[in-house]
Amino acid sequence: MLTQGETIRVKTWNELQDILYHDSWNDQLQRFRSGYVYRGMEDINFELTSTLNRLGESHLEKHLLRNFRKYSHKQIRSEYTSVWNWLALAQHHGLPTRLLDWTYSPYVALHFTTNDFNRYDRDGVIWAVNYVDSKLHLPDQLALIIEEEGSHIFTAEMLERAVDSLSKLGNLKNDDFAVFFEPPSIDDRIVNQYAVFSMMSDPNTLLSDWLIGRKVRYFKIIIPAELKWEIRDKLDQSNINERVLFPGLDGLATWLKRHYRDVRLEPSPRKISESQDERPSEGS
């Protein structure tokens, strides 16, 4: 059993499978129904920073979103009236927002840990956070809505019932809180990636900092650089690739370029024997 916030460095593909599905048994349902979402990053040094954090100007958030809405109306369906739908749409198309991308699928997270060849010499990381636990820290208005729905995660429409602007979100509670919500099915990319978003009530607060000391289960998996090619090839065999996750010609071309890459022309990564000790390393 992992401890709260533990970091595990896996050594083999088989060990990785066990850790990815850690704590997924739901005793109440008597089913393997995980309460975790996952975020994969190619470099272990990357933090849980949103694109707005990296912009370094959180006060610009309202101006970015206002102008995105103003100039994109002709291209957007009329039912996108909620600010939360607009925020999801903006994130989907690359506008800096307070949102972080997550997925229900640990294999999709693995894809994003191994999709950049330029970082195959560096360890990657997967964050796993229990979104069910995060409900304990919601303000009363949001907690009531999610309880009435019998849900563990929000939709944009559910959020709209309690708060209709980003500024009001931060005023619901004095303490910072995290919200996990499912984006609308804008296109096949959202659907195929099994996407979830998180956002903080204060855009300057990092989720990784907020998790410390709170009763929200989370853990991190270090993906060694030398294991990335094996993971990548086995994900392809499982049909987890750009052709599926990014439907369209761009995704197809990216997948083909990687699929036919000749790794014999590159420095060989250190091969790890599957007979090596498969126990998880001590958490850091």
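**From a strand residue to the pockets of the model**

Asn26 is partly exposed, with a relative accessible area of 22%, where partly exposed denotes the range between buried (under 20%) and exposed (over 50%), computed with a 1.4 Å probe and the protein chains only. The model is a predicted one, in which local features need pLDDT of at least 70 and side-chain atom pairs count only at pLDDT 80 or more, while totals for chains, interfaces and linings use all residues. Residues are numbered from 1 along each chain as its sequence is written, and side-chain values use heavy atoms, with hydrogens and water left out.

Asn26 belongs to strand S2, which covers residues 25-26; strands (E, at least two residues) and helices (H or I, at least four) are DSSP runs numbered from the N terminus. When residues up to four places away in sequence are set aside, Asn26 touches Arg31 and Arg33, a contact being heavy atoms within 4.5 Å.

Helix H1, which runs over residues 13-20, is mostly covered, since 6 of its 8 residues are buried. These buried residues are Trp13, Glu15, Leu16, Gln17, Ile19 and Leu20.

A pocket is an open set of points on a 1 Å grid over the protein atoms alone, with protein on both sides within 12 Å along at least five of seven lines, and its lining residues have an atom within 4 Å of a point. The largest pocket holds about 760 Å³ of space, a volume being the space filled by probe spheres set on the points, which are joined across faces, edges and corners. Of the 29 residues that line the largest pocket, Arg39, Gln91, Asp101, Phe112 and Gln193 lie nearest its centre.

Gln91, one of the residues nearest the centre of the largest pocket, sits in helix H4 and counts as buried, at 10% relative accessibility. With residues up to four places away in sequence not counted, Gln91 touches Thr51, Thr97, Leu99, Asp101 and Phe197, and of these contacts Asp101 is likewise named among the residues nearest the pocket centre.

About 80 Å³ of space lies in the largest cavity. Its lining consists of 13 residues, with Arg98, Leu100, Met200, Thr205 and Leu207 closest to the centre, and S9 gives the most to this lining, with 3 residues.

Two loop residues deserve a look at their backbone angles. Tyr194 lies in the loop between H9 and S9, and although Tyr194 is not a glycine, its phi is positive, at about 55°; the residue is partly exposed, with a relative accessible area of 48%. Asn239, in the loop between H11 and helix H12 (242-245), has a positive phi of about 65° and is not a glycine, while its relative accessible area of 39% makes Asn239 partly exposed.

Conventions
1 Å grid on protein atoms, 1.4 Å probe; cavity = no way out; pocket = protein on both sides within 12 Å on 5 of 7 lines; lining within 4 Å.
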